[in-house]
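Biologist: Please walk me through this assembly. I want to know how its chains meet and how the copies are related.

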Amino acid sequence: MNESSSPPAAGYRAAAAAGTQMFDLVEELYPICRSITGDGVRETLRRVSERLPLTVHEVPSGTAAFDWTIPDEWNVRDGYVADLAGNRVIDFQAHNLHVLNYSEPVDRVVTREELFEHLFTLPDRPDWIPYRTSYYNRNWGFCASANQAAELTDDEYRVVVDADLEPGSLTYGEYLKRGRSEEEVLISCHVCHPSLVNDNLSGIALATELARTLEGLDTHYSYRFLFVPGTIGSIAWLSRNEAQTAKIHCGLVVVCVGDAGAFSYKKSRRGDTVIDRAVLNVLTTTAPDHKVIEFYPYGYDERQYCSPGFDLAVGSLSRTTHGEYPEYHTSADDLSFVSAEQLAGSLDTYLQVIEVLECDRRYLNLSPKCEPQLGKRGLYGAVGALDQQPIDVMTILWVLNLSDGEHSLLDISERSGIAFRDLQRAVGALLASDLLAPADSAVTDVARIGGGSGQ
Amino acid sequence: MNESSSPPAAGYRAAAAAGTQMFDLVEELYPICRSITGDGVRETLRRVSERLPLTVHEVPSGTAAFDWTIPDEWNVRDGYVADLAGNRVIDFQAHNLHVLNYSEPVDRVVTREELFEHLFTLPDRPDWIPYRTSYYNRNWGFCASANQAAELTDDEYRVVVDADLEPGSLTYGEYLKRGRSEEEVLISCHVCHPSLVNDNLSGIALATELARTLEGLDTHYSYRFLFVPGTIGSIAWLSRNEAQTAKIHCGLVVVCVGDAGAFSYKKSRRGDTVIDRAVLNVLTTTAPDHKVIEFYPYGYDERQYCSPGFDLAVGSLSRTTHGEYPEYHTSADDLSFVSAEQLAGSLDTYLQVIEVLECDRRYLNLSPKCEPQLGKRGLYGAVGALDQQPIDVMTILWVLNLSDGEHSLLDISERSGIAFRDLQRAVGALLASDLLAPADSAVTDVARIGGGSGQ
Amino acid sequence: MNESSSPPAAGYRAAAAAGTQMFDLVEELYPICRSITGDGVRETLRRVSERLPLTVHEVPSGTAAFDWTIPDEWNVRDGYVADLAGNRVIDFQAHNLHVLNYSEPVDRVVTREELFEHLFTLPDRPDWIPYRTSYYNRNWGFCASANQAAELTDDEYRVVVDADLEPGSLTYGEYLKRGRSEEEVLISCHVCHPSLVNDNLSGIALATELARTLEGLDTHYSYRFLFVPGTIGSIAWLSRNEAQTAKIHCGLVVVCVGDAGAFSYKKSRRGDTVIDRAVLNVLTTTAPDHKVIEFYPYGYDERQYCSPGFDLAVGSLSRTTHGEYPEYHTSADDLSFVSAEQLAGSLDTYLQVIEVLECDRRYLNLSPKCEPQLGKRGLYGAVGALDQQPIDVMTILWVLNLSDGEHSLLDISERSGIAFRDLQRAVGALLASDLLAPADSAVTDVARIGGGSGQ
């Protein structure tokens, strides 16, 4: 909870064009073939850098990161399966999912039988190409639609992967928006998937736009954005910043935020941290059809942030979660699967969560013995019609009743069922009426929460 | 929990005529026009004083009470709307709800349009007169049925309110029934409503009869009865008795106890205090269709008792709660809406709650290692038929098993699901068999709970 | 929780013939007329002694046991109701339930009316003989089917009970299987019922076979088996071994374990002890239709173990619990009511519970910062088909994530919903990979849990 002296302004909102800007970035990044290392990630971070002052880090292959070692760097130029007449029947140039991600280089003629040991398809979805990787087991391979595979009837084929898999480095991006406090909120997204949109170009775009929105705001917390390859990237960051993690107040892993599904929230390992409460508070108000997922030690980089040696307050806020939609990890997770509007809705939800984090604090009712007389301060509905929308009296009474120095606004919202933003309006009015003060105030100059400003 | 040396006698019961006596008082008080100050309250308290040795307090207008100030005193003699021919079309003499409560004096001829700005009706219930007040905004006004209002077609009317609104005092009544302990149970009812029966002549009558019943009993707790104008009355009492509140063990606000509805209990702010547990224990046993309402900072004087600066263990036990029945705050809340029988049922429930408060204590099983042999003490059903109703063995076993000095009878009742009064019978038998003793006893002379006395 | 140095081997299993052996013992014990004292119990314990090195104790009549006194010993040789022509119409030789258990000796001619005051039947089940006792009220009596009773139309009958009821002793059996620790798990069954099979020859047989199974195993805990007459037997044991009870880690009362019903578990008084958690963990995995019964101070000897002066962690694991099946305490609880297969299923469940008790411990993830790299240790599914059944990766990840020194395997099982035995397999693999160590280990030589041994 924010215990600093001045309450932050409420009503965070993204720019009107944010949805379009996110979708534009998604489109721009879509053709790039990414992996956990290599030029695809570098190019992706370069495009993000055009929007954000990103710091890009390179971690050499062979560097130890806890139990792991940064692998050789993989760069692929081309790859195909061709018949012996030279016709490409599976072709990386047509879709970068066709080459097994991290495939070792190969150039051989193989029997149909051997080819099929290295060929991945989705029999249930015969038109779609699956996404497969082999980061830590050296292997070569291809992915194709089941329909394509069915046409491979020759006895022999030429298999070519024109790739480098040799010492280089792992690349990740980092951006810190400084707030008044050194306590940090961590926003992390994985940048290692090739041409897959919801997972996770949507997350990259949302994190980028969220950072741009916060850049211009006076925040209590500092916000650290990580654009990291999945698993090995977050492990590398944690191993290089272990001491820093003590400053992490809480965080979110951003993934699958562009589809049309309802919101899902996967809780942190502890399950009742401030991020869990803040996200669920916002979703309860704004997305009654949301789904809550208890923590489990699988998924995306929350697995690392929530490993027992760190146990950070990090959850993951998505729309449809990975594995829950058939398009997941297939060529069908394409540009048609997400929209600017859905991205904008996700960004707005992230901003509301951040607003709760920023504005959650304890206040003190300065007239705690019996109710103060609201009427003489214009805070109570008078007889007859009112010519303007008053702040709901019940909301004012809840804030007064529970502002005993023990309950924060989140506590009050959870107990009363009143939306956090409505409580903020009441707080604004009560601060203006000198009926309330921040509970931590030896404060002389209390900035007002902008409750009355026409929200 | 009562930890004094002698357990109180159980089986509190009101007099057989209590229902009739309560209804008689309701009828007697019905015609009086009450408000938060004035002679109506004084006359009401005088009638109660004929039944109880009430102390009547006068608090001068202008006296500060926390954030409030005692207002000018209001006394109304007459009021009407008349056509210009002098025919009264809305008349205080017909029903005291017709004059806006706390209306300032007026004697003018006004246009129909201006009249309607000061006239309150209930379009959905065209036969009923609403009850409206304007205590702290000086205003004049009238209330009428929508049917009456529809007949007001003249262009001009004379409006007369013959009232005084000037410095005087606020009046409230107080009665203390002393028990062996200085710890107090607070019973509070509001006395400010004019001719409205369920809200709250029913509460005034129940509190009066409850006090009369307790007067003759030897109780552990002291019982403080407050007959106060709503809001300003409880605020005045709290401001004048702030130090006293430390003695308040718990309490109930008595309101809407005469209608035919099921019981409702609104919890105290803390929600798990002894009064919450005692009331819910009784209702669970005797009124399975009861309704539980979590605390919210609105309603009647529990709002003040539960303000954060006091946070007393005060709930409110009603039948249908305010606002939940259409007759609420209208002329239809009349003598036909309550009955002697319903009042008697409410009084009985209040008495059972008090019995739980008085009798809840911890006992010690004096034979805690294995079960004592009940059979040799005649506490176990023998072979064959029994010629008298035994105390249920399971009840005896529960009392023995949980009487380890940590569990009170309320705890045992909650865990076992056995009615508190049945536990008391078992306690009586076990005390008589020397298998049980009060947990707090360096006590030599333990009075027995009258469990065997044919209840 | 077991905090000793070496984790016990998992996968406890009874002998294949265990079901048959239990049923054979049941058959052998069925004809014997038992009571709370006397030669029937002695003969029963002698038969058990042929299978187990039982210690048999004799407690003289008149010995005090807390609030109780060991009663006179009862031995019955014969008993009948005969018409005056000498024809036995109710005959102990036909079924030992026909004589009221603990009937005093009698040899008289009585009127039909007097006879019926001493005759117990079950009108609702006219073919069945009820089981009735009169241990502590001297009385004579008979039990018969309602059909038999209907035929008793003579005016007078001769009633004969040829029994001794005089000073002797109470007999119980005890067997201690020593484990590495002095902490004990108590397994208690009552041995006082005559020819009733499910209640409780089934319990005697299961306890016997369970002891035989544990005899050959290296266990952490010691296991104390009590074969005691109901109520007075457990009270006698507790009074003679009061100091010993401090060593009791937890226990189970074994009763009604041979019928075809679903499992029922009655919790200990505290309700959340290790035995409650262990049993419910096993039943949740293996018997989803099981029933959970909150503790109540009635039933079998758990009443004594859970009396407030002891409050031991003792529950009772049954199939259909007493009183819940119509055959209960009647002649219909005969050999057809139980089966070898049902007994074997119950034994297996008891063994699984013991396995949880033995194997529940805390481990420490030795690579707690981020996930360890499972792939390089062969713990992660590789691309393509696997030629052997891997340990589920999610199970491994749960063990790693929660092995922070605070969570035991039971905790992990409860949180993850993964079966305890599956966690054990993962623990075995992780110990072998040096990714895990017992949390209490200053241990140098850690025996492995036999997770990989083809279970």
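**The interface of chain A and chain B**

Modeller: This is a predicted model. Chain A and chain B bury about 2000 Å² between them, and carbon and sulfur atoms account for 52% of that.

Biologist: Which residues in chain A lose the most area to chain B?

Modeller: Three residues lead on that side. Together they make up 31% of what the chain A side buries. They are A:Lys369, A:Cys370 and A:Glu371.

Biologist: What distance separates the closest N and O atoms of B:Glu242 and A:Lys369?

Modeller: The rule finds 5 salt bridges across the interface of chain A and chain B. B:Glu242 and A:Lys369 form a salt bridge, for which the cut-off is 4 Å. Their closest N and O atoms are apart by 2.3 Å.

Biologist: Which element gives the most to the side of chain A that touches chain B?

Modeller: Two elements of chain A give two or more residues to that side: strand 18 (404-408) and helix 10 (393-402). The one that gives the most contributes 6 residues. That is helix 10 of chain A.

Biologist: How many residues on the side of chain A that touches chain B are nonpolar?

Modeller: In chain A, 22 residues are in contact with 24 residues of chain B. The chain A side includes 5 polar and 6 charged residues. Its nonpolar residues number 11.

Biologist: What kind of rotation axis relates chain C and chain B?

Modeller: Chain C superposes on chain B with an RMSD of 0.1 Å. The rotation is 120°, with 0.1 Å of shift along its axis. The two copies are therefore related as by a three-fold rotation axis.

Methods:
Residues are numbered from 1 along each chain as its sequence is written. Chains are lettered from A and ligands numbered from 1 in the order in which they are written. This is a predicted model: local features need pLDDT of at least 70, side-chain atom pairs count only at pLDDT 80 or more; totals for chains, interfaces and linings use all residues. Side-chain values use heavy atoms; hydrogens and water are left out. Copies are superposed by least squares on the C-alpha atoms of residues with pLDDT of at least 70 in both. Contact means heavy atoms within 4.5 Å. Buried area is the accessible area (1.4 Å probe) that two parts lose on being put together, summed over both. A salt bridge is a side-chain nitrogen of Lys or Arg within 4 Å of a carboxyl oxygen of Asp or Glu. Helices (H or I, at least four residues) and strands (E, at least two) are DSSP runs, numbered from the N terminus. Ala, Val, Leu, Ile, Met, Phe, Trp, Tyr, Cys and Pro count as nonpolar, Asp, Glu, Lys and Arg as charged, and the others, Gly among them, as polar.
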